[in-house]
Amino acid sequence: MAERIRDLVDAMLRALGEDPSRPGLQRTSERVEKALTFLSQGYAQDPEEILQKAIFDERYDEMVIVKDIEVFSLCEHHMLPFFGRCHVGYLPKGRIVGVSKIPRVVDVYARRLQLQERLTTQIADALWRHLEPYGVGVVIEARHLCMMMRGVEKQNSVMTTSAMRGVFQSERATRMEFMELIRSHGA
């Protein structure tokens, strides 16, 4: 598969009018193949497996939030990056998850060709299914290079998406507490 990607990158360079054998481009197809392999490794990872390794029975029923998780992904429409911050909260119902597993789940879904809307929903759904909490909230704020570098060329636009499950969706006070806490300055 790696060789096939390199051949396709060389063909693309030629189609753009470049010479893949010139000094500056001699290893470009290899570097692009390695970058794309890394940026799409989420297809080979299972969020359920990541979560199941670190779910603990715990009598804690207050909100748990991991905010400002760096997120980097590739837009499936243009294969250009989008990047920003992801905030995840959940209200446990007798089960908590190891804190590092939440950013790992974010990365699994982000390291696929994505839409920000789908990414937000996939993270929320995975935590909702596997933790079985009272509620889950996910907010992603991201900048899209497909909008910054081409098209409308808007440099300061930030797209915000949210996905709420359980009490984060049905109880306004819970949702508002989550939104306020992700906006506050932390440690």
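What order and what pairing does the open sheet of five strands have? The order is 5-2-3-6-7, and the pairing is mixed. Strands (E, at least two residues) and helices (H or I, at least four) are DSSP runs numbered from the N terminus; two strands pair if DSSP finds at least two bridges between them. The model is predicted: local features need pLDDT of at least 70, side-chain atom pairs count only at pLDDT 80 or more, and totals for chains, interfaces and linings use all residues. Residues are numbered from 1 along each chain as its sequence is written, and side-chain values use heavy atoms, without hydrogens and water.

Strand 5 (113-114) and strand 7 (159-166) are at the edges of the sheet; each has a single partner strand, so one side of each lacks a neighbour in the sheet. Strand 2 (residues 64-75) runs antiparallel to strand 3 (residues 81-91), paired over nine bridges. Phe72 lies opposite Phe83 of strand 3. Helix 5 (residues 116-131) packs on the sheet. Helix 5 touches strand 2, strand 3, strand 5, strand 6 (135-144) and strand 7, contact meaning heavy atoms within 4.5 Å. The direction of helix 5 makes about 25 degrees with that of strand 7.

Helix 1 (residues 2-15) and helix 2 (residues 28-39) have axes that come within 8 Å and cross at roughly 125 degrees. Axes are lines fitted to C-alpha atoms, for helices over the stretch in contact, and angles run from 0 to 180 degrees between N-to-C directions. Ala2, Ile5, Arg6, Val9, Asp10 and Leu13 of helix 1 meet Thr28, Ser29, Glu30, Val32, Glu33 and Lys34 of helix 2.
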